[in-house]
Amino acid sequence: MRLTIFGSGYVGLVTGACFAEAGNNVLCVDVDERKVEMLKRGESPIFEPGLDEMLKRNIAAGRISFTTDAAEGVKWGLFQFIAVGTPPDEDGSADLKYVLAVAEAIGKNLTEYRVVVTKSTVPVGTADKVKAKILQTLKARGADIEFDTVSNPEFLKEGAAIGDFMKPDRIVVGTDNPRTAELLKALYDPFTRSRERMIVMDVRSSELTKYAANAMLATKISFMNELANLAERMGADIEKVRLGIGSDPRIGYHFIYPGAGYGGSCFPKDVQALARSARDHSFKAELLDAVEAVNKRQKDVLFEKINKHFEGKLSGRTIAVWGLAFKPNTDDMREAPSRTLMERLWAAGAKVRAYDPVAGHETKRIYGERGDLQIVKSGPEAIKGADALAIMTEWQEFRSPDFDTIKAELKHPVVFDGRNLYDPGFVKRFGLTYYAIGRGDSV
Ligand code: NAD
C-alpha cells in the first residue's frame, strides 16, 4: 500500500520504517530541510536502536523516501498519517498548530479519496478540528472531495520503538466508519497476528485512551516517588517496599520504580494537557495535578541532596553526571531530569562534567558552549577530579562500575544515585557515601 507520513521524528520515522519493512511504499514528509537531507543520505537524525539499519535497508529497496513537499505527500498515499509534534502551549494545553498545518496542506492538495490518520497525541475533539480544517480548505478551493479521518494514537516507547511497533500490545483505532476500520485492519494485519490486538472504538474514546495510558503510567511513577520520600524519612527502604507490593498481581512489578522524576516528550506534556482539557470541561483533575506537582518536586530531589551534603557550598565544585537522556537507549533530552539537576547546579555556581552514551551531542545542541559544562567520552573520564558523582539515567553500562576507581577519583567519596542502581550496603563497603532515592543515606 502507499502511505504518506507527515513528521519524521521519533514516531513518524519509526512508523514509516516499520510500514516499509512490511512491504508498503512510504513517503515521509517533514518541514525540516536538514532532517530530510540527512534522511535522503540514509542517515537517521535520531538515535533509536535498530532504526538506522531498517531505514538503510528500506531506502535501498526503494520502499521509503523523503521530501519536504507536502503536495507530493498528499498525492502519494491512500493513508495520510499525521505524526507531527504536539508540544505544550503556554497554558499546558496541546499546541495543535503543526497538526492543523498538515490538515490544511491536505485540504489544499487533495485530488482523490484519502484516509487521514492522526497518530500524534491529541486532545479529545481534535479529529473534528482536523476534519473541519480540511473541509474549510477544500471549500476555499471550491472542491468537494471525499476523505475520512481516523484516530490511531501511537504507544511505542523510545528506546524500544521498533519492537513496540512491529509487535504491538495493541493498536487502537478510533473511527465511526466500518469501511475505514477495514482499511486500517488491512494495513496493520502484518503487525497484529490474527487481528486480536486491534481495538476499534469511537474517535473520542481513542483520543482519550492515549492520554489515559500516559497519565496512568505517570501516576505510578509519582506514587512511587511519593512513597520513596516517605520511606527515607521513616527509615524504610523503598526498593524492599517495591518488591513487597509488586508481588500482588493487582499491583504488579511493571513501572513502579522510584527515581529522579519522569521526563521525556510525552508524560509531562500529556499529563498537563489532560489536566488542562479537564479544566476546559469545568472539571478540576485533582489527581493529575498532584501527579505533576509530585514529579516537579521529585526532579529537585537529587539537587537538594547534593546541596545538603555540601552544606550549600556548591560554588566552584565540579559534579560528575552519568546519564543525560531522560531514559536509557535514547538521545531524547526533552524534560530530562538531568536538565533540572544541571541547571540548579549551574545556578549554585557548580560545574558539570557529564557523560551519556548517546545524548552528549543533543545536550551540547541545547546548552551550547559554556564554561560550566563539559561533555566527556566515558564514565571514568567524567569522575576524574570531580567532587561527587550523580547518576541520572540507568544506562546498562552504569550498573556495575568499578567502585574502587570511583572512590579513588572523586575528591569527596560520595555518590548520588537518582536511579537506585546499587545495593547501599555494597557501595558503602568501598568507603563511599551513597545517597539514593528512598534508601541509603537518603535524607
Ligand atoms: P518529534 O518532535 O520528534 O517529531 C515531529 C516532527 O514533525 C519534526 O521532525 C518536525 O519537523 C515535523 N513537523 C512539524 N510540522 C510539520 C508539518 N507541517 N509537516 C511535516 N512535518 C512537520 O515528535 P515525536 O516525538 O515523533 O512525537 C510526535 C507525536 O507523537 C507527538 O504528538 C507525541 O506526543 C506523540 N508520541 C510520541 C512518542 C514518543 O515516544 N516520542 C510516543 C507516542 C506518541
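UniProt, in an unreviewed entry, places the feature "active site" at Cys266. UniProt positions are given here in the numbering of this chain, feature names are shortened, and annotations may be inferred rather than shown by experiment. Residues are numbered from 1 along each chain as its sequence is written. Please note that this is a predicted model: local features need pLDDT of at least 70, side-chain atom pairs count only at pLDDT 80 or more, and totals for chains, interfaces and linings use all residues.

Where does Cys266 lie? Its place is in the loop between α10 (238-246) and α11 (267-280). Helices (H or I, at least four residues) and strands (E, at least two) are DSSP runs, numbered from the N terminus. Cys266 counts as buried because it has 26 C-beta neighbours inside 10 Å. By definition, a residue is buried if 20 or more other C-beta atoms lie within 10 Å of its own, exposed if 12 or fewer, and partly exposed in between, with C-beta atoms placed from the backbone. Leaving aside neighbours within four places in sequence, Cys266 is in contact with Thr121 and Asn214. Contact means that the C-beta atoms of two residues, placed from the backbone, lie within 7 Å.

Thr121 is in the loop between β5 and α6, and with 25 C-beta neighbours inside 10 Å it counts as buried. Apart from neighbours within four places in sequence, Thr121 is in contact with Thr86, Pro153, Lys210, Cys266 and Asp270. Lys269, by comparison, lies in helix α11. Lys269 is buried, having 23 other C-beta atoms within 10 Å, and its contacts, leaving aside neighbours within four places in sequence, are Pro87 and Pro88.

His254 and Lys220 are 34 residues apart in sequence and 9.3 Å apart in space, C-alpha to C-alpha.

I turn now to the overall division. The protein chain is divided into domain 1 (2-200) and domain 2 (202-443), with bounds that come from an automatic or database domain assignment. The C-alpha centres of the two domains lie 32 Å apart. In this arrangement, 28 residues of domain 1 are in contact with 25 residues of domain 2. On the side of domain 1 that touches domain 2, the elements that give two or more residues are α6 and β7. The largest share of that side, 3 residues, comes from β7.

What lies in the interior? The largest nonpolar core has 120 residues, and those with the most contacts inside it are Ile319, Val321, Leu389 and Ala390. A nonpolar core is a set of buried Ala, Val, Leu, Ile, Met, Phe, Trp, Tyr and Cys residues joined through C-beta atoms within 7 Å. Helix α9 (residues 203-234) supplies the largest share of this core, 9 residues. The core draws at least three residues from each of domain 1 and domain 2. Ala390 touches Leu302, Ile306, Ile319, Val321, Leu341, Phe416 and Gly418, not counting residues up to four places away in sequence.

Helix α5 (residues 97-109) has 13 residues and reaches 18 Å from its first C-alpha to its last, close to the 18 Å expected at 1.5 Å a residue. The expected span is 1.5 Å times one less than the number of residues in the helix. In α5, the buried residues are Val99, Val102, Ala103, Ala105, Ile106 and Gly107.

Helix α8 (residues 178-192) has 15 residues, but its end C-alpha atoms are only 18 Å apart, short of the 21 Å that a straight helix would reach. A kink of about 40 degrees lies at Ala186 in α8, shortly before the proline Pro190. The bend at a residue is the angle between axes fitted to the seven residues ending there and the seven starting there. The buried residues of α8 are Thr180, Leu183, Leu184 and Leu187, and what covers them includes β4, β5, β6 (147-151) and β7 (171-174). After α8 comes Arg193, whose phi is positive, near 45 degrees.
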